[in-house]
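Here are my notes for you, one point at a time. Have the structure open as you read, and look up each residue when it comes along.

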Amino acid sequence: MITRQRLAAGAGALLAALALGGLAPAGIAAAADEPAGDKPAPKVELVLDVSGSMRARDIDGDSRMAAAKQAFNEVLDATPEEVELGIRTLGANYPGEDRKKGCKDTEQLYPVGPLDRTDAKTAVATLRPTGWTPIGPALLKAADDLDTGEGGGTRRIVLISDGEDTCQPLDPCEVAREIAAKGIGLTIDTLGLVADAKTRAQLSCIADATGGTYTSVRHKEELTDRVGQLVDRAADPVVTPVAVDGAASCASAPALKSGLYTDREKFGEHRYYRVDLRPGKELRASVSIGADRAVNRDYGVLLRAVTTHGREIVRGQESGDGRTDVISTGLRYPKPEQDSSDEARPETVCLQVSNSYSAPASVKTTPGLPVELAVDVVDGPDGASDVAAFGLGHGWWLLVALVVVGFLAGVLWGWISRWRVAVWRTN
């Protein structure tokens with residue numbers, strides 16, 4: 001799943017890039033049309049940096065370690081009952097200079113499962129800033145802790161660190177991309193404690209790779225609030241995208257209803273999907289494509305709504321230059337009510353998803369890039385003033401308004417000028 005606070009639990013993640021107002025599907029919960037039943041419990045693992053630099057006393061006059069312990073204790077008290085929570089550390093045990101040993105220093109302090117608050121707090125109380133910062137190895141182990149093989153359920157890693165990984169060449173950003181490519185729906189959120197520019201860049205890259213978020217923290221209250229928000233978020237309902245195979249043409253495209261869908265698209269490919277739209281309804285669609293491997297700079301994503309004969313109705317497009325792992329765009333198409341019953345039949349709208357990604361010669365191009373497509377059909381606007389189809393979208397209404405306002409302003413200014421001249425002559 002591509003997730004960016006809703007590349008899907010969000011398009012927001014994922015679909016946050018869509019600035020079309022209310023475009024995120026409202027009826028998406030019914031995407032899979034699956035029967036309700038016992039769902040796996042949401043799982044969260046807090047991954048805490050316990051390296052030597054956590055001794056620094058620059059968070060409200062206290063050490064970074066003390067601030068983290070306080071935040072953990074308060075979050076453990078407030079963790080929702082339905083959330084299974086675990087704690088993993090990195091750099092907590094080995095104080096020496098042997099790089100090989102230091103880069104293996106990660107352990108599960110408290111196993112992911114039903115929370116015993118007393119036991120978890122006791123475990124946290126024993127921590128002392130010690131060694132290295134093996135972020136990459138810790139993320140790999142944390143992903144294994146959460147990948148229990150059960151289908152569905154939210155899986156989230158919350159990484160708290162104050163420095164860069166010290167175990168290169170195992171790049172933690174590449175590790176995060178590998179975790180995202182597994183397709184287990186795991187999101188990594190990162191928090192930087194008084195982080196410098198390089199640390200911020202690395203932690204942001206880790207979060208972006210899985211659709212997570214990065215937060216810079218300089219105060220105890222900020223740390224407690226943010227970790228608590230992320231743990232609470234795991235308890236929110238999660239939507240599992242339905243796998244679908246797009247077609248090379250509209251005629252053979254799969255028919256979609258309101259919901260969230262996932263697919264794979266080759267580099268530079270066009271894929272089609274069909275949606276039936278009745279008069280008086282509005283189609284809202286958004287697409288996100290993730291770069292789960294190295295790609296060349298400068299690329300774009302195009303989403304077009306076209307008729308079955310290929311005539312374009314409306315489009316949405318977005319471009320990037322390598323600074324993000326996910327790119328999204330969207331569109332809206334309201335179909336007016338029809339007076340004649342003969343014309344009340346649904347219109348087949350074809351959604352064309354295209355990308356202009358390219359890969360370096362050393363990078364495999366199969367399988368294709370992960371695609372997440374959100375479709376929603378809602379009631380259309382009440383009148384013809386909706387900007388998406390009428391109103392100022394055609395431009396000439398704005399031109400007329402400007403001309404009228406300019407004319408009235410000119411008349412008023414001329415009258416005032418003549419009055420001032422008359423007063424001057426009189427005096």
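**Notes on the model**

1. Let's begin inside. Strand 10 is largely enclosed by the rest of the structure, because nine of its 10 residues are buried. Buried here means under 20% relative accessible area, exposed means over 50%, and partly exposed lies in between (1.4 Å probe, protein chains only). Helices (H or I, at least four residues) and strands (E, at least two) are DSSP runs, numbered from the N terminus.

2. A word on where this comes from: this is a predicted model, in which local features need pLDDT of at least 70 and side-chain atom pairs count only at pLDDT 80 or more, while totals for chains, interfaces and linings use all residues. Residues are numbered from 1 along each chain as its sequence is written, and side-chain values use heavy atoms, with hydrogens and water left out.

3. Now the overall picture. The chain has eight helices and 15 strands, and 48% of its 427 residues count as buried. Its accessible surface is about 20,900 Å², with 53% of that belonging to carbon and sulfur atoms. Such areas come from the Shrake-Rupley method with a 1.4 Å probe; for residues, only the protein chains shown count as cover.

4. Which sheet does strand 10 sit in? Look for five strands in an open, mixed sheet, in the order 7-8-15-10-13. At the edges are strand 7 (242-243) and strand 13 (326-334), each pairing on one side only. Two strands pair if DSSP finds at least two bridges between them.

5. Follow strand 10 (residues 281-290) to one side and you meet strand 13, antiparallel to it over nine bridges. Ala285 stands opposite Leu331 there, and Ser286 has Gly330 as its bridge partner. Strand 10 also pairs with strand 15 (residues 369-379), again antiparallel and over nine bridges; here Val287 faces Leu373.

6. On to charges. Side chains of opposite charge can pair when their charged atoms come close. A salt bridge is a side-chain nitrogen of Lys or Arg within 4 Å of a carboxyl oxygen of Asp or Glu, and the count comes to 21. One of them joins Asp77 and Lys121, at 2.5 Å from N to O. That pair links distant parts of the chain, with Asp77 in helix 1 and Lys121 in helix 3 (residues 117-125), 44 residues apart.

7. Is Arg304 buried or exposed? Arg304 is buried, because its relative accessible area is 16%. Its salt bridge partner is Glu312, with the closest N and O atoms 2.7 Å apart. Glu312 counts as partly exposed, at 30% relative accessibility. Elsewhere, salt bridges that share partners join Glu45, Arg88 and Asp145 into one network.

8. Finally, the surface. Patches are made of residues with over 30% relative accessible area and no salt bridge: like charges are joined within 9 Å, nonpolar side chains (Val, Leu, Ile, Met, Phe, Trp, Tyr) within 5 Å. Val400, Val404, Phe407, Leu408 and Val411 make a nonpolar one of about 470 Å². Val404 belongs to helix 8 (residues 396-426) and is partly exposed at 42% relative accessibility.

9. There's a negative patch too, made by Asp60, Glu74, Glu221, Glu222 and Asp225. Asp and Glu count as negative and Lys and Arg as positive, leaving out His and the chain ends; a charge is placed at NZ of Lys, CZ of Arg, CG of Asp or CD of Glu. Helix 7 (residues 220-234) gives the largest share of this patch, three residues, while Glu74 lies in helix 1 (residues 64-78).
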